Each structure stands twice: as C-alpha cells, then as structure tokens.
Amino acid sequence: MSVTAPIVGRIGGSGARSLWGRFWHRTNEKAGYLFILPASIHLVVFLLVPLAFSFWLSFHDWNGINIRNAPFIGLDNYEFMVGDARFWNAFRNTVFYTVLAVPGGMIVSLFVAAIMNQRLQGVRLFRTLFFMPVVSSWVAVSVVWITLLDPNAGVLNWLLGLVGLPPVNWLGDPRWAMPAIVIITIWKGLGFTMVIWLAGMQAIPRELYDATKVDGANALQTFRYLTVPLLAPTTAFLLITGVIGSFQVFTPVYVMTKGGPLDSTDVVVFRIFERAFTELKMGYASALAWLLFAVILVLTVMQFWYIRRRGTFSVQ
C-alpha cells in the first residue's frame with residue numbers, strides 16, 4: 001500500500017490536468033497541432049458547420065432568402081419525398097448510370113492497364129496520354145464532347161457514316177443520352193483507374209509470373225488465373241470508390257443535358273441542385289441530400305461487409 005497509494009493519488013487527484021500538462025508541454029505535439037490548425041478550421045467552417053446546418057434545414061421550410069422565415073415542419077420534407085415522382089426518376093437514372101459506368105470503366109481500364117504494364121516502346125508516353133483527361137476540367141471536357149456528339153457536324157456521327165451506320169442524336173434522344181454520358185465518364189476516368197490497376201499489377205511478385213511460365217501457362221491463362229485474383233484488393237477499392245463517385249455525378253449532366261431530354265439524364269445531385277437553387281426549396285433539397293448520404297453509406301457498408309466476408313482484403 002505504501003507503494004501504490006502515491007500513484008493512485010496522482011491519477012485520481014489532478015491526473016487529468018497533469019496528463020494534459022505533460023501532453024501540451026511536449027514540443028512535437030504543440031507544433032503538430034499548430035500545423036493542422038488551418039486545415040482543422042477549414043474542416044469545421046466549410047464541412048461540419050454546413051453539414052449540421054443542412055441537417056437542421058431538412059426539418060424546416062426555407063426559401064434561401066431570410067433564415068428567420070424558416071418554420072419548423074418536422075418530417076414533412078421526408079414525407080413529400082416519398083411521393084416525389086421526379087426524384088425517384090432521378091434515383092433510377094442514377095442507379096442505371098452506376099450500373100453502366102462503374103463496371104464498364106473498371107473492365108475497360110483493366111485491359112488498358114494490362115497493355116500498359118508491358119515493356120513496350122513509348123509506353124510511358126501512352127500512360128501520360130491516357131491520364132491527361134483525368135486532370136482536365138469536367139466543364140471543358142463536357143463542352144468538347146458536345147461538339148463531338150453534335151448530330152449534324154459531330155466527329156462521332158461522321159465516323160458512323162464511314163461504316164454505313166445512320167447518325168445518332170446522342171444528347172437529344174432519351175435512349176442515347178445517358179449511355180453517351182456513361183461513355184464520356186468512362187473515357188475521362190480511364191487514366192485514374194488505369195493507374196490504380198497498374199499499381200496493383202506491379203505489386204505482384206515477378207517470381208509468380210516466372211512460375212506460370214515454367215508451368216506452361218499462356219498469357220491469357222496467366223492473366224485469368226494469376227493477375228485477376230491477386231488484384232482483388234484493388235478491385236474492391238475501385239468498386240467502392242466508383243459507386244460512391246457515381247452516385248454524385250453532376251457536372252456532365254448539368255453542362256451537357258440539364259437533365260434532359262425528357263428527364264432521361266436527370267440524376268439525384270442534379271435534382272438536389274434544381275430544388276435548392278432553381279426552386280429555392282432549401283429544406284427539401286437538404287432532405288434529399290441526407291437521403292443520398294444514407295444511400296451511399298448503406299451501399300458502402302454493404303460492399304465492405306461482402307468484401308470482408310469473402311476475405312478480399314486478405315488476398316496477398
């Protein structure tokens with residue numbers, strides 16, 4: 001007891017204050033917190049405060065002009081959402097876009113990465129060319145593609161004419177508008193996913209490829225039975241981030257189609273934008289945003305659960 005009593009006394013008495021004192025008087029901790037202070041202020045002011053404000057708004061009716069004129073309406077915004085046909089049409093369009101864009105982009109970029117992983121002459125130049133659209137502005141890319149997809153003078157329809165196919169009204173036909181945006185999305189994101197695939201491929205030990213050659217496997221068999229299984233963690237990463245990003249698609253829709261024709265490209269984020277800044281229904285737009293957050297969260301948790309159940313992240 002004579003040994004433990006002073007220790008208990010220090011912890012139970014001014015333990016919290018002395019612990020903070022020891023922590024704060026360490027030069028490294030003080031310098032570290034000072035370095036992250038600007039980023040922390042930015043995080044609080046431009047992320048946490050708007051998040052809390054939007055959650056508060058989702059239970060109020062505000063037109064975006066006078067915050068004092070924002071009566072509390074409870075769950076009315078969420079109840080109205082249930083019967084909002086335009087929102088559910090936008091949700092279906094978003095799911096359709098995700099189903100096409102995410103696996104399509106992953107498959108195309110996987111095969112491009114497999115080619116770019118070879119020891120070919122000029123391969124670094126081609127990697128750079130594939131990556132250039134990634135760093136380009138979505139607005140600039142959309143404007144360029146509007147010209148390329150022009151039904152009368154567009155390059156794409158000219159190429160179709162060379163092979164005897166009729167022209168397509170890519171952005172004016174409800175059947176083709178969303179597939180056109182999907183194609184543009186895959187093209188623009190090809191470089192990013194290619195780089196991620198390349199990183200995964202180059203992390204695979206070369207000894208395994210040498211072993212497959214000894215066993216007599218050809219290139220296709222090696223890719224199918226060695227490369228693809230060992231890329232499981234990379235696949236999981238691209239799938240999760242791809243789904244999260246695809247549910248937030250906005251810029252190409254806003255620039256190229258404005259949700260048309262006939263609401264065929266109307267997506268959830270564009271519907272939130274329209275409700276908030278065109279119709280000035282800030283409370284209802286906030287409710288839509290929080291529903292979108294909940295959907296993305298659920299989908300992400302489900303993917304993590306399925307991936308961990310299959311042991312994808314444990315693949316070496």
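Let's start with a charge on a ring: the charged end of R224 sits over the ring of Y225, 4.9 Å from the ring's centre. By "sits over" I mean that NZ of Lys or CZ of Arg is within 6 Å of the ring centre and within 35 degrees of the ring normal. K258 does this too, with its charged end over the ring of Y254 and 4.5 Å from the centre.

Before I go on, a bit of housekeeping. This is a predicted model, where local features need pLDDT of at least 70 and side-chain atom pairs count only at pLDDT 80 or more, while totals for chains, interfaces and linings use all residues. Residues are numbered from 1 along each chain as its sequence is written, and side-chain values use heavy atoms, with hydrogens and water left out.

Now the overall picture. The chain has 15 helices and zero strands; both are DSSP runs numbered from the N terminus, helices being H or I with at least four residues and strands E with at least two. Of its 316 residues, 35% count as buried. Buried is under 20% relative accessible area, exposed is over 50%, and partly exposed is in between, using a 1.4 Å probe and protein chains only. A contact is heavy atoms within 4.5 Å, and among contacts with a separation of 6 or more, 66% join residues 24 or more positions apart.

Back to rings. How many aromatic pairs does the structure hold? There are 21, counting rings of Phe, Tyr and Trp (its six-membered ring) with centres within 6.5 Å; planes under 30 degrees apart are stacked, over 60 edge-to-face, and the rest tilted. Take F53 and W62: their centres are 5.8 Å apart and their planes at 75°, so that pair is edge-to-face. F53 counts as partly exposed because its relative accessibility is 35%, whereas W62 is at 13% and so counts as buried. There's also an aromatic cluster made of F55, F59, Y78, W290 and F293.

Next, N77, in helix α4, residues 76-82. Its relative accessible area is 8%, so N77 is buried. What does its side chain reach? A polar atom there lies 2.9 Å from the backbone oxygen of S58, and the side chain also gets to the backbone oxygen of G283 at 3.5 Å. Leaving aside neighbours within four places in sequence, N77 is in contact with residues including L57, H60, Y284 and A287.

T98 sits in helix α5, residues 85-116. Buried or exposed? With a relative accessible area of 8%, T98 is buried. A polar atom of its side chain lies 2.9 Å from the backbone oxygen of T94. Beyond four places in sequence, T98 touches P103, V243, S246 and F247. And T98 and G242 are 144 residues apart in sequence, yet 8.2 Å apart in space, C-alpha to C-alpha.

Last stop, a helix pair. The axes of α6 (residues 123-131) and α9 (residues 177-202) come within 7 Å and cross at roughly 135°. Those axes are lines fitted to C-alpha atoms, for helices over the stretch in contact, with angles from 0 to 180 degrees between N-to-C directions. That makes α6 oblique to α9: under 35 degrees is roughly parallel, over 145 roughly antiparallel, 65 to 115 roughly perpendicular, and the rest oblique. On the α6 side, R127, F130 and F131 meet α9 residues including L190, F192 and L198.

Note on methods. Polar contact = N/O pair within 3.5 Å; in protein donor to acceptor, adjacent residues only side chain to side chain.
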